[in-house]
Every structure is written in C-alpha cells, then in structure tokens.
Amino acid sequence: MAYYTHEEYIRDFDSRRIIGIVRTLPNGDEEAREFSSRRILGFYKKKQNVTTDFYGRRVAVGNCVVSFIYKEYEKKRRKK
C-alpha cells in the first residue's frame with residue numbers, strides 16, 4: 001500500500017455526507033476515490049500538471065481530480 005501524506009474527505013453540499021476521498025502522495029500527486037467502494041476514479045500528476053481518469057486518458061490540464069468524485073455522485077443520485 002502506498003504512503004499518503006494527506007487525506008481530504010469530500011462532502012455533498014446539501015446532505016453533508018462524505019462522497020469521496022482525495023489522497024495526496026509525498027511527491028504531490030493526488031488520487032480521487034469513491035467513498036463507499038473505495039474505487040479509484042482518477043489521478044492528478046503534479047510533474048506533468050495533468051489530470052487523468054482511471055484508464056489513463058488525459059482529461060484536463062491542471063488539478064481537476066475532485067470533479068471525478070462529484071460526477072460519480074451525480075450519476076448515482078440520478079439513478080434513485
């Protein structure tokens with residue numbers, strides 16, 4: 001298991017429930033995980049300044065890793 005320097009819990013704005021986790025590695029890279037299943041949603045690579053999805057596809061330039069958590073949460077919310 002990798003060593004993380006920081007974990008940040010992302011909450012839903014309305015219900016204040018935890019919906020995801022952003023973990024920061026010692027080199028500054030970040031990974032976004034869904035809270036319920038701990039499934040990895042995407043990565044931010046600091047040296048390249050690129051955000052990628054789980055499959056390694058480039059999604060954005062800069063750190064947009066939290067957007068993966070909100071997108072996944074909205075998908076689940078619409079199914080209900």
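The legends below describe close-up views of a predicted model.

Local features need pLDDT of at least 70, side-chain atom pairs count only at pLDDT 80 or more, and totals for chains, interfaces and linings use all residues. Residues are numbered from 1 along each chain as its sequence is written, and side-chain values use heavy atoms, with hydrogens and water left out.

**View 1. Salt bridge between R23 and E7.** A salt bridge is a side-chain nitrogen of Lys or Arg within 4 Å of a carboxyl oxygen of Asp or Glu. The count by this rule is eight. For R23 and E7, the closest N and O atoms are 2.7 Å apart. R23 belongs to strand β2 (residues 18-24) and E7 to strand β1 (residues 6-11), so the pair ties together parts 16 residues apart in sequence. Helices (H or I, at least four residues) and strands (E, at least two) are DSSP runs, numbered from the N terminus. R23 is buried at a relative accessible area of 10%, whereas E7 is partly exposed at 32%. Buried means under 20% relative accessible area, exposed over 50%, and partly exposed in between (1.4 Å probe, protein chains only).

**View 2. Salt bridge between E34 and K76.** The closest N and O atoms of this pair are 2.2 Å apart. E34 sits in strand β3 (residues 30-34) and K76 in helix α1 (residues 66-79), 42 residues apart, and the pair links distant parts of the chain. E34 is buried, with 6% relative accessibility, while K76 is partly exposed, with 36%.

**View 3. Salt bridge between K75 and E72 within helix α1.** The N to O distance is 3.7 Å. The two residues are three apart in helix α1, about one turn of the helix. E72 is buried at 14% relative accessibility. Salt bridges with shared partners join E34, R39, E72, K75 and K76 into one network.

View 4. R33 is buried at 15% relative accessibility. Its side chain reaches the backbone oxygen of R38 at 2.6 Å. Beyond its neighbours within four places in sequence, R33 is in contact (heavy atoms within 4.5 Å) with residues including Y4, G20, I21, R23 and I69.

**View 5. The largest pocket, with a volume of about 260 Å³.** On a 1 Å grid over the protein atoms alone, a pocket is an open set of points where a 1.4 Å probe fits, with protein on both sides within 12 Å along at least five of seven lines; lining residues have an atom within 4 Å of a point. Grid points are joined across faces, edges and corners, and a volume is the space filled by probe spheres set on the points. The lining consists of R39, I40, L41, D53, F54, Y55, R57, F68, K71, E72 and K75. Five lining residues are nonpolar, none polar and six charged. Ala, Val, Leu, Ile, Met, Phe, Trp, Tyr, Cys and Pro count as nonpolar, Asp, Glu, Lys and Arg as charged, and the others, Gly among them, as polar.

**View 6. The second largest pocket, with about 200 Å³ of space.** Of its 13 lining residues, R17, I19, S36, Y73 and K76 are the closest to the centre. The elements giving two or more residues to this lining are β2 and α1, and the largest share, five residues, comes from α1. The lining divides into six nonpolar, one polar and six charged residues.

Key:
Polar contact = N/O pair within 3.5 Å; in protein donor to acceptor, adjacent residues only side chain to side chain.
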